[in-house]
Amino acid sequence: MHVLGILDRGASGDTLERVVDRVVDRLSARGRVGVVRYDATIADGTHAARETAIGGDVTYDLGADGDWTATGTGLSVQDALDSLATDCEYAVVVGISDLRYPALVVGDETDDPDADVVATVDLPADVDDGLVDALEAAEPHRTLESIVADVKRSPKADRSGAIATFTGRVRAKDDADDARTQYLEFEKYEGVADERMAAIESELEERDGVLEVELYHRTGVVEDGEDIVYVVVLAGHREEAFRTVEDGINRLKDEVPLFKKEVTVEDEFWVHDRS
């Protein structure tokens with residue numbers, strides 16, 4: 001699922017909402033769209049909850065146009081995105097300035113140097129397919145649940161009696177006395193890393209009894225306790241599923257050009273420099 005943040009930077013009148021509608025229309029032509037709205041005045045408890053807030057008692061409604069909208073209070077934006085990822089190809093998040101996803105700015109361009117701004121528009125008519133293409137070029141938001149859902153939808157799923165998975169996550173410490181790891185930052189050799197992962201998937205799928213293999217590795221900053229990498233195998237039986245999961249993660253680590261920086265409470269370093 002590709003995620004797009006939409007930021008209001010001085011839009012006049014109802015321009016922001018019309019831009020949101022235009023974006024959803026464009027994305028809907030290519031797949032299902034989830035919409036998440038956030039209002040900080042609701043999150044901090046200073047105002048009565050509105051129907052558009054995300055922030056505990058949350059419901060998901062499937063609108064007449066087929067788009068998911070998350071509404072209610074007590075749910076984090078990340079929780080909403082994780083829930084939408086199993087059913088949607090796209091998600092639009094309105095009102096969050098520090099998302100780790102590409103952003104569309106409505107009005108003056110954001111002065112946040114860390115924002116990944118893919119487009120700036122003044123009017124709904126400025127939203128075109130170039131925005132969708134730029135969004136699809138960015139890394140998607142995937143969860144273990146969404147990848148499992150994908151392989152269950154495989155045309156080969158009728159022959160499957162097993163799904164095996166592996167999840168790698170950021171470990172805070174190897175030993176009790178180690179300095180705590182705050183986060184890891186991953187960079188990939190553009191193009192080469194994706195091609196190598198696709199080749200590994202194809203080669204593992206040639207095994208007898210192995211039906212689908214999905215490898216996914218996050219890039220950018222991944223904080224202590226967060227998931228880094230997933231391997232999901234759809235197979236006829238558990239034996240080939242387990243074996244292929246183990247081989248999949250081992251080959252990913254050995255063969256895919258990914259570079260890791262570790263930031264602890266005391267130091268930061270690129271791991272390959274200390275190998």
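This is a predicted model: local features need pLDDT of at least 70, side-chain atom pairs count only at pLDDT 80 or more; totals for chains, interfaces and linings use all residues.
**View 1. A salt-bridge network joins Arg 100, Arg 218, Glu 223 and Glu 226**. Residues are numbered from 1 along each chain as its sequence is written, and side-chain values use heavy atoms, with hydrogens and water left out.

**View 2. The whole protein chain, for orientation, has 7 helices and 14 strands**. Helices (H or I, at least four residues) and strands (E, at least two) are DSSP runs, numbered from the N terminus. The protein chain has 275 residues, and 42% of them count as buried. Buried means under 20% relative accessible area, exposed means over 50%, and partly exposed lies in between (1.4 Å probe, protein chains only). The accessible surface of the protein chain amounts to about 14,600 Å², and carbon and sulfur atoms account for 43% of that surface. Such areas come from the Shrake-Rupley method with a 1.4 Å probe; for residues, only the protein chains shown count as cover.

**View 3. Lys 261 pairs with Glu 185 and with Glu 268**. In the salt bridge between Lys 261 and Glu 185, the closest N and O atoms are 3.6 Å apart. Here distant parts of the chain are linked: Lys 261 belongs to strand E13 (residues 258-264) and Glu 185 to strand E9 (residues 181-188), 76 residues apart. Glu 268 also forms a salt bridge with Lys 261, with 3.8 Å between the closest N and O atoms. Is Lys 261 buried or exposed? Lys 261 is buried, as its relative accessible area is 15%. Glu 268, by its relative accessible area of 46%, is partly exposed.

**View 4. Helices H6 and H7 pack against each other**. Two packed helices are described by the angle between their axes and the distance between the axes. H6 (residues 192-205) and H7 (residues 238-255) pack at about 155°, and their axes are 10 Å apart. Axes are lines fitted to C-alpha atoms, for helices over the stretch in contact, and angles run from 0 to 180 degrees between N-to-C directions. H6 and H7 are therefore roughly antiparallel; angles under 35 degrees count as roughly parallel, over 145 as roughly antiparallel, 65 to 115 as roughly perpendicular and the rest as oblique. The crossing of H6 past H7 is right-handed: a crossing is left-handed if the near helix is turned anticlockwise from the far one by less than a right angle, and right-handed if clockwise.

**View 5. A salt bridge connects Arg 251 with Glu 203**. The two side chains meet at 2.5 Å, N to O. Arg 251 is in helix H7 and Glu 203 in helix H6, so this pair ties together parts 48 residues apart in sequence. Glu 203 has a relative accessible area of 34% and is partly exposed. Look also for Asp 247 in helix H7, which is partly exposed at 23% relative accessibility. Asp 247 and Ile 200 are 47 residues apart along the chain, with 9.7 Å between their C-alpha atoms.

**View 6. Ala 193 and Met 197 sit in helix H6**. Ala 193 is buried, with a relative accessible area of 0%. Between the C-alpha atoms of Ala 193 and His 217 the separation is 9.9 Å, and the two residues are 24 residues apart along the chain. Met 197 is buried too, at 9% relative accessible area. From Met 197 to Glu 214 it is 17 residues in sequence and 8.9 Å in space, C-alpha to C-alpha.

**View 7. Tyr 189, Val 192 and Phe 259 make a nonpolar surface patch**. Patches are made of residues with over 30% relative accessible area and no salt bridge; like charges are joined within 9 Å, and nonpolar side chains (Val, Leu, Ile, Met, Phe, Trp, Tyr) within 5 Å. Val 192 is part of helix H6 and is partly exposed, with a relative accessible area of 35%.

**View 8. Helices H1 and H4 cross at roughly 70°**. The axes of H1 (residues 15-28) and H4 (residues 129-137) come within 10 Å. The angle makes H1 roughly perpendicular to H4. H1 passes H4 in a right-handed crossing.

Notes:
A salt bridge is a side-chain nitrogen of Lys or Arg within 4 Å of a carboxyl oxygen of Asp or Glu.
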